[in-house]
Amino acid sequence: MGHPAKTTLFSVAAVALAITAAMVEPEAATPEIFSDQGQTFFPRLQDPLAAKALEVVEYDEATATARPFKVEFKRGKWTIPSHYNYPADAKDRLAKTAATLVDLKRDQVRSDLVEDHAKYGVIDPLDQKVTNLQGRGKRVTLRDEQGSVLADLILGQAVKDKAGYRHVRLPGQKRIYAVKTDADPSARFEDWIETDLLKVTAAAVKRITIHNYSINEQMGRLENLENLPLTRDGDNWKLAGAEKLNTARVQGMLAALGRLKIVGVRPKPPNMTSDLKQGGIQLSVETMMSLRQKGFFLTPDGRLLSNEGEVLVETNDGMVYTLRFGEILTGQGESKEAAKDAKSTAKAEGGESRYLFVTAGPARDATETGQRLARELSNRFADWYYVISGADFSKLRLRRKDLVR
């Protein structure tokens with residue numbers, strides 16, 4: 001047999017042996033790195049409604065710290081433990097997040113190298129052993145009612161030139177995958193709550209009274225007093241003693257009232273909350289200390305004052321809101337998480353966030369709807385100091401020079 005014929009025979013035999021080997025041991029034909037490609041990430045996660053807690057951890061490169069956020073269903077209600085158990089509007093949002101992870105497949109394996117974790121943005125934000133400030137992903141964990149983990153994933157960078165795909169990694173494992181998913185739960189407090197604080201529309205406001213003043217704590221007196229009554233006359237607004245009104249500023253104020261957004265909260269002391277729900281505030285050391293830390297003061301005759309004045313808003317159905325503006329939120333004297341929250345909020349909103357003390361009540365001529373809403377909101381406001389952005393504060397606390405042309 002000639003040399004070419006022998007070569008052909010050996011080649012055919014080699015192919016036959018390879019085919020036979022693959023039939024006998026098919027797993028040997030697949031490199032180990034691709035061994036789990038196409039498999040489901042979280043087989044235990046079958047029902048999105050089984051998820052009763054969500055933890056999201058992001059990494060703040062500017063401060064080199066992980067920022068955890070958690071929302072959970074406990075004692076019959078959704079709350080945000082990372083923000084003092086503030087009530088969360090979370091049921092549908094969390095179920096949608098869980099649904100994006102049900103049957104999530106390991107579509108494409110990209111790497112098995114630890115060195116590639118930063119490249120694809122899948123470094124665990126909680127990993128303190130890694131020194132990289134960049135390349136950290138968002139860690140998302142879902143738990144059931146018993147606290148057992150249903151899903152745990154690190155979301156990394158989007159896949160270039162492949163819409164809808166993202167790099168991901170399982171915590172504690174090296175392998176990086178490219179998967180098709182739109183999972184990207186927010187770690188922002190304001191995205192998980194009822195954002196309509198006042199439940200009022202601009203069209204429903206009929207009167208606004210701005211009480212500008214500042215408190216001289218050393219002298220114990222009010223200074224820079226200025227009272228500005230604004231009243232609606234049809235489609236127009238009037239300010240006593242002013243011929244020409246800066247309507248743009250008034251409209252900006254109305255718009256801010258209609259979409260006033262909470263960017264943070266702090267709980268009030270239990271005794272103060274109880275007093276407010278009964279219609280007033282009683283003098284006590286705990287109450288006085290809490291108010292003072294936030295920029296509010298209670299006079300001996302029971303009047304509540306604030307560092308930066310107040311605004312009264314009356315609606316067509318007889319609702320009366322009082323918005324009192326306190327100190328700038330610094331996080332001093334509070335938990336480390338509160339301090340981080342203060343800094344990130346101010347940065348995100350483009351200004352210094354500020355405490356807001358809100359009360360609500362019915363006017364004498366309040367409608368039945370107004371009286372009912374007043375009771376509902378009064379109980380809701382009693383529990384919390386709210387935090388608003390510096391941008392909203394500047395639109396609400398106007399002076400005469402801002403309103404008069």
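Accessible areas here come from the Shrake-Rupley method with a 1.4 Å probe, and for residues only the protein chains shown count as cover. On that basis the protein exposes about 21,500 Å², of which carbon and sulfur atoms supply 51%. The model is predicted: local features need pLDDT of at least 70, side-chain atom pairs count only at pLDDT 80 or more, and totals for chains, interfaces and linings use all residues. Residues are numbered from 1 along each chain as its sequence is written, and side-chain values use heavy atoms, with hydrogens and water left out.

Buried residues (under 20% relative accessible area; exposed is over 50%, partly exposed in between; 1.4 Å probe, protein chains only) make up 43% of the 405 residues.

The protein has nine helices and 19 strands, taken as DSSP runs numbered from the N terminus (helices H or I, at least four residues; strands E, at least two). Nine strands form an open antiparallel sheet in the order 4-3-2-1-6-7-8-9-5, where two strands pair if DSSP finds at least two bridges between them. Its edges are strand 4 (86-87) and strand 5 (108-111).

A salt bridge places a side-chain nitrogen of Lys or Arg within 4 Å of a carboxyl oxygen of Asp or Glu. The structure holds 23 salt bridges, including these:

| Pair | N to O distance |
|---|---|
| Asp36 and Arg175 | 3.1 Å |
| Arg139 and Asp124 | 2.7 Å |
| Arg249 and Asp402 | 3.5 Å |

Arg249 lies in helix 3 and Asp402 in helix 9, so this pair ties together parts 153 residues apart in sequence. Arg249 is partly exposed at 37% relative accessible area, whereas Asp402 is buried at 16%.
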